[in-house]
Amino acid sequence: MSHMSNENRTPFLATRRQVLGLSLAALGASLAGGLVPGLATVAEAQAATDAAQRIADHFSNVRTMTGEFVQFGPKGEQTGGKFYIERPGKIRFNYDAPAAFRVISDGKSVVLNNQRLKTWDLYPLSKTPLKLLLDDRIDLSGSKVTSVREERDMTTIQLSDKSVFGNSRLTMMFDPKTNALRQWTITDAQGKDTTVMIFNVREGVKFAADMFKIDYGLVSASTGRRTNR
């Protein structure tokens, strides 16, 4: 995937919900395998789940990851930035200007930091899809996998789980040769799509000790929404 220059990006002044929703699904992002579309029978559904679980187990062995992302909103709005992951439970998204957002999980809590307004919105990690995706082992049991499409140049997996995504759907696309994640799309309850593409991904990297640190003093002092940890 080619790098998209800043000159070609249309600034995307993302809303708090868009940033958090995408980032929480993000990394949801690196799961899945490939079968056939339309899981019409119990056997097909179980086979799809098993295939997806095998790839998820492979992804679970990736302890650290970093790269860049470009985000496309429902109206074609664009922004981008960098992401960082350390398993279990840690993630960070730094959005490029003018979208002055950061999303950080320290393994216990997730915060959305609006650097321009100096607000910090705090959420328990256990109440977000990130808990599922950043565990030591990613669990795709049940009926989360709703369709799988295997093509020559792309494997597409769709997940739908009301307990995790509500009425939204998460569609992920992978390189069929390497099982590397290429992009994911969140379709909301109104049928509007937001897509994230990742590139320049590196695995097995080392991060500074404070990469995923949350300053709870700043969170408590901010005017942003706060929830119990």
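**Exercise 1. Contacts along the chain**

Task: In this predicted model, find what share of the contacts with a separation of 6 or more comes from residues 24 or more positions apart.

Solution: Begin with the contacts in the protein whose separation is 6 or more, and then pick out those between residues 24 or more positions apart, which account for 54% of them. As background for this, the protein has five helices and 11 strands, and buried residues make up 51% of its 229 residues.

**Exercise 2. Cis peptide bonds**

Task: Which residues does the cis peptide bond with omega of about 0° join, and where does Pro 98 lie?

Solution: First, the cis bond with omega of about 0° joins Arg 87 and Pro 88, and Pro 88 is placed in the loop between strand E2 (78-86) and strand E3 (90-95). Next, the peptide bond from Ala 97 to Pro 98 is also cis, with omega near 10°, and Pro 98 lies in the loop between E3 and strand E4 (101-106).

**Exercise 3. Positive phi**

Solution: Lys 118, a residue other than glycine, has a positive phi near 60° and sits in the loop between strand E5 (109-114) and strand E6 (119-124). Asn 200, which is not a glycine either, has a positive phi of about 50°, but Asn 200 belongs to strand E11 (residues 193-203).

How values were computed
Residues are numbered from 1 along each chain as its sequence is written. This is a predicted model: local features need pLDDT of at least 70, side-chain atom pairs count only at pLDDT 80 or more; totals for chains, interfaces and linings use all residues. Side-chain values use heavy atoms; hydrogens and water are left out. Helices (H or I, at least four residues) and strands (E, at least two) are DSSP runs, numbered from the N terminus. Buried means under 20% relative accessible area, exposed over 50%, partly exposed in between (1.4 Å probe, protein chains only). Contact means heavy atoms within 4.5 Å.
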